Amino acid sequence: HGEASEVPVSTPNGTVYFGLQHPLVVVAGPCSVENEEMIIETARRVKAAGAQFLRGGAYKPRTSPYAFQGHGESALELLAAARQETGLGIITEVMDAAELEIIAEVADVVQIGARNMQNFSLLKKVGAQEKPVLLKRGMSATVEDWLMAAEYILASGNPNVILCERGIRTFDRQYTRNTLDLAVVPVLRKLTHLPIMIDPSHGTGWATYVPDTAKAAIAIGADSLMIEVHPNPAKALSDGPQSLTPDRFDSLMQELAIVGKAM
Ligand code: PEP
Ligand code: MN
């Protein structure tokens, strides 16, 4: 492979570029969109701290069918309101092709979650639409599996794919939720031109480990970070333990500025 490619994403605040030759792009927000107040507050706070994108799930891939499944269409409306209010780009997950059209109306980047990384029919469908795609690594996916999944999207006509490492299955769940594979950043750099994002929130599972691993991600060359932020992590409907408060996120953004990649 030759040069690293850039993925341009148009947002209300202008075009944001993901890629090696561009400043760090930070995506922040709650695991799930819970209500209007919390998503607007989070959007304002992460914007003020310097994030370019708001993340938030409307359709949630939960391990248990009895766990909160996301507010669906009404959550998409709240994301649209947050976008309008702050100018942040929106990233949200598509779980089912049936919802792709309404998600792509609101999202500036469509996320394919770890559990759908090899849902080939869904990959072909996001490849056949125009919005850039964030492809999370499957929890037990090899690098080859992951790159071939990206290839499905590219081969279907969409050149704008961002790869996101979010931790792989660990044998030791006692201390971390997953094993964050930071070494995959230089490995991917050798194998692909696509931009690389690291998600230390799902990667470690604990807010206390997020700042250090976020800094390490930048030091090892990641182009972008995804960080879960919730105004009240103790009350979150999903992934509270790994979510930073807006205050902690704000100080992390200041700490990141001195690690490496320009912001
Ligand atoms: C998420 O981003 O909230 C999520 C469900 O991530 P993953 O697919 O990596 O588990
Ligand atoms: Mn989550």
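**Close-up views of the predicted model**

**View 1. Strand 8 and its side chains.** From strand 8, Val161, Leu163 and Glu165 point one way, Ile162 and Cys164 point the other way, and all are buried. The model shown here and in the other views is predicted. Strand 8 is mostly covered, with five of its five residues buried.

**View 2. The neighbours of strand 8 on either pairing.** Strand 7, residues 133–136, is joined to strand 8 by four bridges, and the two run parallel. Within this pairing, Leu134 has Ile162 of strand 8 as its bridge partner. Strand 8 (residues 161–165) also pairs with strand 9 (residues 196–198), in the parallel sense and over three bridges. Here Glu165 has Ile198 of strand 9 as its bridge partner. Strands of a sheet pair through backbone hydrogen bonds, which can be either parallel or antiparallel.

View 3. Eight strands close into a barrel, and their order is 3-4-5-6-7-8-9-10, with parallel pairing. From one strand to the next, the twist averages 25 degrees.

**View 4. Helix 6 and its buried side.** In helix 6, which spans residues 184–191, the buried residues are Val184, Val185 and Leu188. These residues lie on the same side of helix 6 because they cover an arc of only 100 degrees around the axis. On the other side of helix 6 are the exposed residues Pro186, Val187 and Lys190. An α-helix has 3.6 residues a turn, so residues three or four places apart point the same way. The packing partners of the buried residues of helix 6 are helix 5 (143–155), strand 8 and strand 9.

View 5. Around ligand 1 are Cys31, Gly57, Pro61, Gly113, Ala114, Arg115, Lys136, Arg166 and His202. This shell divides into three nonpolar, three polar and three charged residues.

**View 6. Val33 in its loop.** Val33 is placed in the loop between strand 3 (25–29) and helix 1 (36–49). Val33 counts as buried because it has 28 C-beta neighbours inside 10 Å. Apart from neighbours within four places in sequence, the residues in contact with Val33 are Ile39, Gly56, Gly57, Ala58, His71, Ala75, Leu78 and Leu79. Gly57, one of these contacts, is also among the residues around ligand 1. Between the C-alpha atoms of Val33 and Ser74 the distance is 9.3 Å, while the two residues are 41 residues apart in sequence.

**View 7. Asp239, a residue with positive phi.** Asp239 is found in the loop between strand 10 (224–228) and helix 9 (246–256). Although Asp239 is not a glycine, its phi is positive, at about 55 degrees. Most residues other than glycine have a negative phi. Asp239 is buried, because 20 other C-beta atoms lie within 10 Å.

**View 8. Ala219 in helix 8.** Helix 8 (residues 210–219) includes Ala219. With 13 other C-beta atoms within 10 Å, Ala219 is partly exposed. A separation of 26 Å lies between the C-alpha atoms of Ala219 and Gly56, which are 163 residues apart along the chain.

Methods:
Residues are numbered from 1 along each chain as its sequence is written. Chains are lettered from A and ligands numbered from 1 in the order in which they are written. This is a predicted model: local features need pLDDT of at least 70, side-chain atom pairs count only at pLDDT 80 or more; totals for chains, interfaces and linings use all residues. Two strands pair if DSSP finds at least two bridges between them. Axes are lines fitted to C-alpha atoms, for helices over the stretch in contact, and angles run from 0 to 180 degrees between N-to-C directions. A residue is near a molecule or strand if its C-beta atom, placed from the backbone, lies within 6 Å of it. Ala, Val, Leu, Ile, Met, Phe, Trp, Tyr, Cys and Pro count as nonpolar, Asp, Glu, Lys and Arg as charged, and the others, Gly among them, as polar. A residue is buried if 20 or more other C-beta atoms lie within 10 Å of its own, exposed if 12 or fewer, and partly exposed in between; C-beta atoms are placed from the backbone. The arc is that of the directions from the helix axis to the C-beta atoms. Two residues are in contact if their C-beta atoms, placed from the backbone, lie within 7 Å.
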